[in-house]
Amino acid sequence: MTAFDLPESPEHGGRLQAAIQRWGIPREQWLDLSTGINPVPWPVPAIPPEVWQRLPEPDDGLEEIIRSWAGAPERASCLPVAGSQAAIMALPAVRARVHGLGRVAVPVPGYREHGHAWRRAGFEVVAIPEQAIEQDDLTWLDSVDVVVWIQPNNPTGQLVDPARLLLWHQRLQARGGWLVLDQAFVEGEPGHGLEPWAGAPGLILLRSLGKFFGLAGMRAGAVLAEPELTRALAFELGPWTVSGPARYLMARALADRAWQIEALGRLQTSRLRMDGLLRKSGMPATNGTLLFRTVHHENAAPIADELARRAILVRRFDEPPALRFGLPPDESGWQRLGSALSELTYLIDHPHPG
């Protein structure tokens with residue numbers, strides 16, 4: 001591999017511009033359901049001019065606000081980051097500097113940036129065994145140094161019992177290993193996060209504001225871990241990784257509990273409505289999270305193309321073939337999706353087109 005011959009990054013949802021170019025449909029006509037982001041975002045207030053004019057100040061109290069919002073104990077150190085993606089990319093270097101290279105287990109399918117980051121840093125990346133999610137045998141953990149789990153998983157929505165995750169952590173930590181828990185979609189899954197144990201050695205929790213708060217463009221998230229690890233991660237990332245305006249908005253969004261309660265209720269209603277709509281269209285059983293629903297279907301590719309011809313963008317997966325549906329932002333979006341799906345029964349009801 002030459003200096004500029006880098007491995008290709010995984011594809012993400014939200015590639016609306018690419019769909020515009022492929023299908024020749026103007027941006028304003030699209031219903032973009034390809035991302036798992038709250039379609040009704042937290043209302044962003046005006047930002048005072050001085051926030052733009054000063055360098056970000058790390059003693060602005062944001063860390064304590066994040067800890068309170070997450071429900072983490074005082075022992076947990078909190079590091080604001082430019083979205084959990086920033087931490088995903090930097091953690092392998094932190095691990096390698098202290099422990100050297102090793103073997104990392106990631107969920108497959110799952111958010112592919114995790115495996116990509118560890119592999120790019122020189123680690124061997126393997127899939128978490130399917131049976132590990134349900135069975136009590138923990139011996140598989142003895143062959144890996146780091147386990148990454150997404151709680152709930154993206155795109156499958158799969159959850160692992162927190163008690164099992166704690167057993168994973170204990171077994172890994174006894175050998176100096178890490179459990180990295182990506183909780184970007186944990187809202188709406190009460191009791192499934194490990195925030196009460198945040199700060200324990202070898203346990204790294206990633207949180208994101210982009211999904212639930214609908215603020216993906218702000219690039220805002222946080223890492224909860226033991227102080228030594230967050231210091232090493234901060235050193236790796238360098239100064240001012242989160243802009244002053246982002247820190248200002250993070251503090252206010254996280255403190256707005258009334259909006260959070262209202263959003264949870266609305267999203268729970270939307271999740272049920274999406275399940276009903278997909279079921280009515282003839283789709284198989286759904287799974288997913290509060291912000292997206294996933295269906296496995298052999299005709300995922302042609303269904304996605306037919307929806308795109310109708311200016312509806314969904315996320316398609318090939319292995320295994322599946323479609324991920326984000327939530328429409330308004331009643332017009334719901335009606336458009338329902339109408340489009342009703343026109344595709346020939347693809348939905350017949351697993352082998354042609």
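How far apart do the end C-alpha atoms of residues 77-325 lie, and how much of the span is helix and strand? The ends are 35 Å apart, and the span is 37% helix and 21% strand. Helices (H or I, at least four residues) and strands (E, at least two) are DSSP runs, numbered from the N terminus.

## What you're looking at

This is a predicted model, where local features need pLDDT of at least 70 and side-chain atom pairs count only at pLDDT 80 or more, while totals for chains, interfaces and linings use all residues. Residues are numbered from 1 along each chain as its sequence is written, and side-chain values use heavy atoms, with hydrogens and water left out.

Rolling a probe the size of a water molecule over the atoms shows where empty space is left. Here, the structure holds one cavity of 30 Å³ or more. A cavity is a set of points, on a 1 Å grid over the protein atoms alone, where a 1.4 Å probe fits but cannot get out; lining residues have an atom within 4 Å of a point. Grid points are joined across faces, edges and corners, and a volume is the space filled by probe spheres set on the points.

The largest cavity has a volume of about 50 Å³. Pro109, Pro155, Thr156, Thr294, His296, Phe317, Glu319, Pro320 and Ala322 line it. Five of these lining residues are nonpolar, three polar and one charged. (Ala, Val, Leu, Ile, Met, Phe, Trp, Tyr, Cys and Pro count as nonpolar, Asp, Glu, Lys and Arg as charged, and the others, Gly among them, as polar.) Domain 1 (16-42 + 258-349) and domain 2 (49-255) both give residues to the lining, so the largest cavity lies between them. Those domain bounds come from an automatic or database domain assignment.

## An open pocket

A pocket is an open set of points with protein on both sides within 12 Å along at least five of seven lines. The second largest pocket has a volume of about 380 Å³. It's lined by 18 residues, and the closest to its centre are Trp69, Val186, Glu187, Gly188 and Arg207.

Helix H3 (62-70) and H9 each supply at least two lining residues, with H9 giving the largest share, four residues. The lining divides into eight nonpolar, five polar and five charged residues. Domain 1 and domain 2 each provide at least three residues of this lining.

## Charged partners

Now for the salt bridges: a search of the whole structure finds 20. A salt bridge is a side-chain nitrogen of Lys or Arg within 4 Å of a carboxyl oxygen of Asp or Glu. One joins Asp305 and Arg22 (3.6 Å, N to O). This pair links distant parts of the chain, with Asp305 in helix H10 (residues 300-309) and Arg22 in helix H1 (residues 16-23), 283 residues apart. Arg22 is exposed, at 56% relative accessible area. (Buried means under 20%, exposed over 50%, partly exposed in between, using a 1.4 Å probe and protein chains only.)

Glu331 and Arg273 also pair up (2.8 Å, N to O). Glu331 is partly exposed at 42%, and Arg273 is partly exposed at 37%. Finally, Glu306, Arg309, Arg310 and Glu343 are linked in a network of salt bridges.
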